[in-house]
Amino acid sequence: MRILVTGGAGFIGSNFVRRTLATRDSVTPVVLDAFTYAAHPDNLRDERGAELCEVVRGDVRDAELVDRLVARVDAVVHFAAESHNDNSLLDADPFIGTNITGTVTVARACTRHGVRLHHVSTDEVYGDLALDDPARFTPETPYRPSSPYSASKAAADHFVRAWERSHGLAATISNCSNNYGPRQHPEKLIPRQICGLIDGRRPRVYGDGANVRDWIHVDDHNDAVWAVLDRGEPGRTYLIGAEGERANVDVVGDLLECFGRDRGDFDRVTDRPGHDRRYAIDPASTRALGWAPRHPDLRAGLAETVAWYRAHEDWWRPAAAAAEARYRRRERTLG
């Protein structure tokens with residue numbers, strides 16, 4: 001089996017490639033990635049610097065390139081996306097281009113060549129839940145995106161469904177909760193705090209820190225994607241989550257404890273506009289496929305993630321410096 005992995009040099013995509021190579025001898029991945037700031041060439045290299053698989057540098061909106069690659073494979077796993085909410089608040093155009101136009105480009109090519117498509121989306125398309133609401137997101141939850149990022153992913157989901165219904169595309173969609181683990185860009189909450197703590201800085205928490213996210217280890221997410229590819233039904237949506245709800249302030253406290261520091265040793269900063277309060281996934285649709293998370297203990301997973309960043313400073317230091325510069329500019333703009 002040959003699969004095309006779009007966005008395969010980014011955080012989740014590269015871990016998907018590595019997980020696939022480690023667990024599925026019969027699968028040959030091909031990666032398409034534009035290598036924007038959030039990707040890293042070393043994500044797809046072994047210890048000697050050799051590439052783990054065929055890597056094509058290109059834009060997912062390039063219809064000719066995408067068509068040529070899709071014609072060579074049996075399935076496409078579509079991770080490629082701009083994904084940082086804060087960036088989308090300042091400039092929505094990259095999100096419209098990559099997340100919407102890029103997804104339509106992939107859907108067209110898969111339809112033309114009769115290739116199975118799995119589209120990787122986010123729980124953020126559903127908006128948020130109240131902190132005291134016992135409900136969780138299901139495949140039937142109405143869409144209510146809050147940011148340009150989540151709106152672009154919602155639009156992409158709708159286009160995949162439209163191509164499935166109107167053009168016969170064989171497609172599945174998965175909406176996953178917040179991922180964490182190795183190789184995540186330092187602009188995101190968990191690696192940003194880890195990198196800062198390694199350098200002795202105090203973490204910074206938006207607003208009251210009570211915002212709840214439903215955390216899942218990246219390997220568990222990618223195992224669930226394979227469950228959908230193996231046993232999922234085209235035309236259906238599957239929600240992926242590890243029932244790991246935790247307030248941001250508590251996640252930061254857990255990380256502080258990993259470094260032997262007091263849980264309250266952080267600074268609060270002005271909240272971002274439209275900050276969703278709570279995400280929560282009901283993973284019944286994916287568990288019905290026989291999948292279950294292998295990393296249910298968030299605190300243990302965070303400790304392992306801290307160890308990875310400690311051991312790979314050369315990987316994250318340049319990206320962390322650039323991310324912090326962007327945060328400083330953003331805080332001046334939004335403040």
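Leucine 89 touches Pro148, Arg272 and Pro273, with residues up to four places away in sequence not counted; contact here means heavy atoms within 4.5 Å. The structure is a predicted model, in which local features need pLDDT of at least 70 and side-chain atom pairs count only at pLDDT 80 or more, while totals for chains, interfaces and linings use all residues. Residues are numbered from 1 along each chain as its sequence is written, and side-chain values use heavy atoms, without hydrogens and water.

Leucine 89 lies in helix α3, residues 85-90. Helices (H or I, at least four residues) and strands (E, at least two) are DSSP runs, numbered from the N terminus. Leucine 89 counts as partly exposed because its relative accessibility is 30%; buried means under 20% relative accessible area, exposed over 50% and partly exposed in between, with a 1.4 Å probe and protein chains only. The C-alpha atoms of leucine 89 and tyrosine 149 are 8.0 Å apart in space, although the two residues are 60 residues apart in sequence.

Two strands pair if DSSP finds at least two bridges between them. Strand β9 (residues 212-217) runs antiparallel to β11 and is joined to it by three bridges. Aspartate 214 has glutamate 245 in β11 as its bridge partner.
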